[in-house]
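This report describes selected side-chain contacts, a ligand site and some backbone features of one protein. The sequence and the structure are shown first.

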Amino acid sequence: MAITGLPLAVHPTSASSSETLTSADVARIRQDFPALHQMVHGQPLVYLDNAATSQKPRSVLDAIDHYYAEDCANVHRGVHLLSQRASDSFDAARQKVQRFLGAAHSKEIIFTRGATESINLVAATYGRKNICAGDEVLITAMEHHSNIVPWQMLCDEKGATLRVAPITTSGELIIEEFERLLTPRTKLAAISHISNALGTVNPIAHMIEMAHRKNVPVLVDGAQAVPHAAVNVQALDCDFYAFSGHKLYGPTGIGVLYGKAKLLEAMPPYQGGGDMIRTVSFTKTTYNSLPYKFEAGTPDIAGVIGLGAAIDYVNAIGLDRIAAYEHQLLEYATQRVSPLPGLRIIGTAREKAGLVSFVMDGVHPHDLGTIMDRQGVAVRAGHHCAMPVMELFGLAGTTRASFAFYNTLEEVDTLVAAIQKAREVFGQ
Ligand code: C6P
């Protein structure tokens, strides 16, 4: 029976009081994800590419379908019933995101196309306004391109400098170096919560505290974190937090930028157009209040509503249980994959999220990924949009298996069997 939209607590056989998910919970959860029940190349699909994007539960698909089938209208513009219904669902989704992130106000939640656009928004508005020649932006050596390139572009434009806090060979941030690089010239620190290439969980609360002690605001790239761990932006005291809906079991093309109201209020708009204005004349335009000031044009209404449904779904399971269960998957996968001959795990930080990046002697990651795909196992191969990480480890790329709460220990066994099969194929 599907748990769509219902807390596990109402299900008689659920393990709602326990701290993790039981195999019965997972079996039930899997029923909610249509895409998981298919054959690929004649094999049952084992989907282990969740860090790239996750599969969507039926409740998310239904919410999107419902909007288009019954409520399709523009938001905040129409006096008619459909527009009111669409606007209500849209506004409700913003409040769900607010609660999900523990933000103080729903006006601090800006809808964007994804984590990438959220970071670009901050670079193009906060960055352009506050960063000048001679200033510095501090990132870490494990960032995704989305949290490197916008800062590089900004620094090039302004004559500022991008500083990079180094990491160890196990993929952990050298925290003393991060602290040392926070100088009076640092105008912003932009740090990933969880590395997509290595799985490292950064001590962001500590990092934010360090940065704030030196009056440096912090943007957190939470693209890989929100699907796997409870986040509270007020407890963290981060200034900006960015994530994408599609990794959180929601639709593609929708994302979130959280920003502290006082910072967002002082920032100029990102794009001009409908909805972001209060008054327009040919001589002067005045801007709308938050969050609309940053949401020019018709938004991705179905995407926002779908994201709201995804948050409901994840909340019904509980992020603490999700985190605990995914940790079990990680430990089991690490224990099974590590001893395989000729195989090396890249990213062995003490605090890790549910992904295993690895290389096999003499086999290109793409070839490895392709052979695994023929056995039904979907993994990502390549640089994972983190080329500087690959360069640091002297690699062209890795093969990456990344887990979600609907994956099972048996699927980890299938992953291991697929790797072994690839070794045979390549004569390793
Ligand atoms: N990483 C991966 O396979 P977008 O594309 O905007 O939804 O997310 C960008 C992004 C930003 N930061 C981190 C840490 C990320 O992991 C990602 C997306 C995917 O690892 C696709 S490259």
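## Salt bridges between separate parts of the chain

Arginine 77 is partly exposed, with a relative accessible area of 38% (buried means under 20% relative accessible area, exposed over 50%, and partly exposed in between, with a 1.4 Å probe and protein chains only). The model is a predicted one, in which local features need pLDDT of at least 70 and side-chain atom pairs count only at pLDDT 80 or more, while totals for chains, interfaces and linings use all residues. Residues are numbered from 1 along each chain as its sequence is written, and side-chain values use heavy atoms, with hydrogens and water left out.

Arginine 77 forms a salt bridge with aspartate 275, with 3.8 Å between the closest N and O atoms (a salt bridge is a side-chain nitrogen of Lys or Arg within 4 Å of a carboxyl oxygen of Asp or Glu). Arginine 77 belongs to the loop between α2 (58-70) and α3 (81-101), and aspartate 275 to the loop between α9 (261-266) and β11 (277-280), so the pair ties together parts that are 198 residues apart in sequence. Helices (H or I, at least four residues) and strands (E, at least two) are DSSP runs, numbered from the N terminus. Aspartate 275 counts as buried, at 18% relative accessibility. The structure holds 21 salt bridges.

Lysine 187 is partly exposed at 28% relative accessible area, whereas aspartate 135 is buried at 10%.

A salt bridge of 2.9 Å, N to O, joins the side chains of aspartate 237 and lysine 260. Aspartate 237 is in the loop between α8 (233-236) and β9 (240-244) and lysine 260 in the loop between β10 (255-259) and α9, so that distant parts of the chain, 23 residues apart, are linked. Lysine 260 is buried, with a relative accessible area of 14%.

## Arginine 321

A polar atom of the side chain of arginine 321 lies 3.4 Å from the backbone oxygen of threonine 20.

## The ligand site

There are 18 residues around the ligand, of which Thr116, Asp221, Gln224, His246 and Arg380 come nearest (a residue is near a molecule or strand if one of its heavy atoms lies within 4 Å of it). The shell divides into 6 nonpolar, 8 polar and 4 charged residues; here Ala, Val, Leu, Ile, Met, Phe, Trp, Tyr, Cys and Pro count as nonpolar, Asp, Glu, Lys and Arg as charged, and the others, Gly among them, as polar. Domain 1 (23-55 + 319-425) and domain 2 (60-315) each contribute at least three residues to the shell, the domain bounds coming from an automatic or database domain assignment.

A polar side-chain atom of glutamine 224 lies 2.7 Å from an oxygen atom of the ligand. An N or O atom in the side chain of arginine 400 is 2.7 Å from a ligand oxygen atom, and a polar backbone atom of alanine 115 is 3.4 Å from an oxygen atom of the ligand. Of the 510 Å² of accessible area that the ligand has on its own, the protein covers 88% (areas come from the Shrake-Rupley method with a 1.4 Å probe, and for residues only the protein chains shown count as cover).

## Backbone features

Most residues other than glycine have a negative phi, and most peptide bonds are trans. Aspartate 237 has a positive phi of about 65° although it is not a glycine, and this residue is partly exposed at 34% relative accessible area. Histidine 384, also not a glycine, has a positive phi of about 60°. Histidine 384 is placed in the loop between β16 (380-382) and α13 (387-392) and is buried, with a relative accessible area of 0%.

The peptide bond from leucine 290 to proline 291 is cis, with omega near 0°. Proline 291 is found in the loop between β12 (285-287) and α10 (301-317).

Terms used
Polar contact = N/O pair within 3.5 Å; in protein donor to acceptor, adjacent residues only side chain to side chain.
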